[in-house]
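Dear colleague,

I am passing this structure on to you, and below it you will find some notes on what was found. Please read them slowly, with the structure open beside the text.

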Amino acid sequence: MEFGWPKEHVDYRRRVREAINELLPPDWEETYVRESYASDLQIDFSREFCAALAERGLLTPHWPAEYGGSESEDWQHFILGEEMKAAGEPRGPQYMNVNWIGPALMKYGNDEQREQHLRGIASGKVIWCQGFSEPGAGTDLAALRTKAVRAGDKYIINGSKIWTSYARKADWCFLLARTGEGRKEISVFLLPMNTPGISVSSYPGLPKYGHLNEVYFTDVETPVSGLLGEEGAGWDIVIHALSYERVGVPRYHTGLHALDMAVAALKKEGRFDDPIIRSRAGMIAAQFEGAKLMTYSVVDQRVKKLPPNTDANLSRVAALEAVNELMNFIVEFLPDCLAGGHLLLDDYYRVNVPAGVTGGANEVQLDLVAQRGLGLPRMS
Amino acid sequence: MRAILLDHQDIPQSQKLDYCYFHSALQDVLQESGFLNAAREVDPLAAALLVAEAAKIPPVVEVGASALIAPALMPDEVPEGPIAYVDGARLDKPHRNLAVAKTAFVNLGEDVAVVSIDEGDVERVETIYAYPFGKFVRKPDLTRSVIASAGATATQWARVALAAEFAGAAQAAIDFTVDYVKQRTVFGRPVGSFQAVQHRLVQCSRLAKGAYYLAMKAAWSKAPEDAMVAACYVQSEVQKLMYDLHQFNGAMGVTTEHLLHFWTYRLRALQSETGGAHGAALDIADSRWGAAGDNGRREC
């Protein structure tokens, strides 16, 4: 056990920060963060930003060299994620590309698919969206009903997806569709979003505009070559792909950053001498620090190639609890922040409104840890 | 054949039924074996690991003060143990481990007084806490042996020690409870199959795991803020653990025949030390964002 950062990691973090400072426009916060990282404006910007990151070798550091990476260990990838999230995620949707879509293509794609997509993702100019959730299938993903029916050398897809962030601007969709009647008879399709029969509608919500889209598929034809892996292998692919996302967003990092901003705002108002406010802030910092170390332990396990366990789920639970405390703190002591008083804290709050729902509801994380981690019996 | 326990066989059993089972034989073994010197001979992290492990067993031994506070205050000398950490501002109050201590570190704020305890100096205090509590019968001499300017260091390592002790005791209490809810059935199925129980046990598990890493990091880094964070985290979560773990052990958990209280009432005893969660949180605020009235801001 050793908690320090080796020099190479410190240097790497500095490189990432320098890149962020140099590549973000002066009006980044005022113009772009105001719009959210799922906005059309920021998605377009991500094509420039990620391309510049790629040129600096900072987009896909953990990828194999043959696909444009530098084969660095997961720590670098994680440091990159921390710094990007703290800066308002200027990679826009492309964090998904590098975190799990690319690795899924490496493992399950054929030569043609790898050739077609991986260079594009590593160039930082391609936008993907994730066609998973449906109106009746969110956390219970295997309940999805969008169907792909084989017709000769193509599939015909009908159905709809929901909560599809970035769908309006995406070039490609990593689509899950049912190819059989069995619960897990699901396949993955790599589908161009400009295919006839696809339409996207957006609607407002508590998170900022751009996250909440619905995608409709009406007799959408895609060649068999758009299938990733074998027909019916979609469930395994998704489980594997999302294992890259098990730790998820480094919420402790953005949280500690937001907490610092909240304290600065309270100081500016002359209110941070109040011992109750100070104590609450200190306790939230402690919670985030706990979540941070739990997450780091998971990254370390991954670097050491240890078998997966439920520590990642537990670290997500820990981070979410701290996030909720901070959101409560912001509203209790700085209510104006959500009424035009503080752009970045407003952004933090809104981004985290669905934090316990996205990527697998918190209750499912708790179920997984209870049953697979603690060995408690499933309800019969 | 004699069907009832002999005297020497009966002692552990009777002590198990008490609120606190101080294991003096194990204490002697730990002291004589050199384990408590881990911080001097290896590093404080090794000592913190020892503290957490020792806190997992139902009987209590004094490890935290000997293994973590003493080496920080007296790196070249090994004071006689067991050692009690005493808050100088509450000198007349009962303190943890004072009933069995041979030495007390009395934190006077600025300085620390090292007090040798002779027979008759201290009386045992009956308490629900699972440590041997005692209080001074007569005011100790706080001037004979003083470590100047060591108050903050003592507080720091007392925090590391209590966090490590919490991590071990909490984990043991959770493991014990998980075993119990797997076996105990209600309404025709195991208590542990109810989602309401499962989710809360996972949250308890989160607390123990976070405590463990924070305590170990604080021991490793030797940084005062890490110690504040570790103490704040564990002390602010005691109530939740107490309620859930006792709830899941049901009525058995309120008897002293059940082992649960040996861990949970250790957590309770740790809850308020070194200022409690509120005191630690205020110290974190001072450290991270400057003292009250200071509008300067630390670079993060």
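**Nonpolar cores**

Ala215(B) touches Ala48(B), Ala52(B), Val160(B), Ala163(B), Ala164(B), Ala167(B) and Ala230(B), where residues up to four places away in sequence are not counted and where two residues are in contact if their C-beta atoms, placed from the backbone, lie within 7 Å. Please keep in mind that this is a predicted model, in which local features need pLDDT of at least 70 and side-chain atom pairs count only at pLDDT 80 or more, while totals for chains, interfaces and linings use all residues. Residues are numbered from 1 along each chain as its sequence is written, and chains are lettered from A and ligands numbered from 1 in the order in which they are written.

Ala215(B) and Ala163(B) are the residues that touch the most other members of the largest nonpolar core, which has 146 residues. A nonpolar core is a set of buried Ala, Val, Leu, Ile, Met, Phe, Trp, Tyr and Cys residues joined through C-beta atoms within 7 Å; a residue is buried if 20 or more other C-beta atoms lie within 10 Å of its own, exposed if 12 or fewer, and partly exposed in between, with C-beta atoms placed from the backbone. Helix 6 of chain B (residues 151-183) gives the most to this core, with 19 residues; helices (H or I, at least four residues) and strands (E, at least two) are DSSP runs, numbered from the N terminus. Apart from this core lies another, of 63 residues, among them Ala19(A), Tyr95(A), Phe132(A) and Val238(A).

**Domains**

Chain B is divided into domain 1 (7-151) and domain 2 (152-289), with bounds that come from an automatic or database domain assignment. The centres of these two domains of chain B, taken over C-alpha atoms, are separated by 21 Å, and 33 residues of domain 1 of chain B are in contact with 31 residues of domain 2 of chain B. On the side of domain 1 of chain B that touches domain 2 of chain B, helix 4 (44-54) of chain B gives the most, with eight residues. That side divides into 26 nonpolar, three polar and four charged residues, where Ala, Val, Leu, Ile, Met, Phe, Trp, Tyr, Cys and Pro count as nonpolar, Asp, Glu, Lys and Arg as charged, and the others, Gly among them, as polar.

For chain A, the domain assignment gives domain 1 (7-126), domain 2 (130-240) and domain 3 (246-373). Between the centres of domain 1 of chain A and domain 2 of chain A, taken over C-alpha atoms, there are 24 Å, and their contact takes 15 residues from domain 1 of chain A and 18 residues from domain 2 of chain A.

**Where the chains meet**

The contact between the chains takes 38 residues from chain A and 41 residues from chain B. Helix 9 (275-303) of chain A gives the most to the side of chain A that touches chain B, with 15 residues, and by class this side has 23 nonpolar, six polar and nine charged residues.

Ala281(A) is found in helix 9 of chain A, and this residue counts as buried because it has 25 C-beta neighbours inside 10 Å. Not counting residues up to four places away in sequence, Ala281(A) touches Leu259(A), Val263(A), Phe329(A) and, from the other chain, Ala285(B).

**Backbone details**

The peptide bond from Gly81(B) to Pro82(B) is cis, with omega near -5 degrees, and Pro82(B) lies in the loop between helix 5 (64-73) and strand 1 (83-87) of chain B. Asp219(A), in strand 7 (residues 213-223) of chain A, has a phi near 50 degrees, a positive value in a residue other than glycine, and Asp219(A) counts as exposed because it has 9 C-beta neighbours inside 10 Å. Lys305(A) lies in the loop between helix 9 and helix 10 of chain A; phi of Lys305(A) is near 60 degrees, again a positive value in a residue other than glycine, and Lys305(A) is exposed, with 7 other C-beta atoms within 10 Å.

With best wishes
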